[in-house]
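Student: Could you take me through one part of this model in detail, with attention to how its charged side chains are arranged?

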Amino acid sequence: MSDTLSDIILWRKKRQSLLTLLTATATWVLLQVHQFNFLTLISYLAMFIVASLFLSGNLLRLLGKAPPDLSRVGTSEKSASEMGNTIRAWVEEGIRWMFWVAAEREWFVFVGTVSGLLLVSRVATSIDLLTLLYIGIVTGMTVPAMYVKYQDKIEWGEEKLKAQLKSYYDMVDEKVVKKIQNKVTVREEKEKKVE
């Protein structure tokens, strides 16, 4: 993760973090609450940009000033190539991961992957992609910052929870698992004596 992205996620650059959160919220409100279509929103945004550039250019000419040089605005071939290579690497990694899970002989990896995909499909039936992305952005912007701020308290609670779960595990192991093991060993001994 780049330094800028981690700074935005951890709210070290407050303006960029707030801008990211406000942009995500505005997009979600426009598309979900006001039922705008994505293409409609993009076209309104493009119309606003073109109208603003047109008005500012004409206003500058009326005032006798030179309009801004927009010849440098664009995407360089290097950045477009890097973006394409990054997307291709993600797709290849996803395909490799799918084949690894399918070819792996470990039952728990397969069951975990299928369970995770089933959970994602169940969530997708009740939440659309835009809402899921919005929840992901808000969670990604708040949880890391809260963890950094309250790390000591979270680790203390985690240790306490682990100790409590271990005591529950020991209790279940002693009362249930040991009895089942004893019954199985007694049954096996009886079968050996009968033979």
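Tutor: At 48% relative accessibility, Arg96 counts as partly exposed, a class that runs between buried (under 20% relative accessible area) and exposed (over 50%), with a 1.4 Å probe and protein chains only. This is a predicted model, in which local features need pLDDT of at least 70 and side-chain atom pairs count only at pLDDT 80 or more, while totals for chains, interfaces and linings use all residues. Residues are numbered from 1 along each chain as its sequence is written, and side-chain values use heavy atoms, with hydrogens and water left out.

The side chain of Arg96 meets that of Glu92 in a salt bridge at 3.7 Å, N to O, the term meaning a side-chain nitrogen of Lys or Arg within 4 Å of a carboxyl oxygen of Asp or Glu. Both residues belong to helix α4 and are 4 residues apart, about one turn of the helix; helices here are DSSP runs (H or I, at least four residues), numbered from the N terminus. Glu92 also forms a salt bridge with Arg88, where the closest N and O atoms are 3.1 Å apart. Because Arg88 and Glu92 are 4 residues apart in helix α4 (residues 77-103), about one helical turn separates them. Glu92 is partly exposed, at 33% relative accessibility, and Arg88 is likewise classed as partly exposed, at 44%. Together with Glu93, the residues Arg88, Glu92 and Arg96 are linked in a network of salt bridges. A search of the whole structure finds 6 salt bridges.

Key. Helix = DSSP H or I, 4+ residues; strand = E, 2+ residues; numbered from the N terminus.
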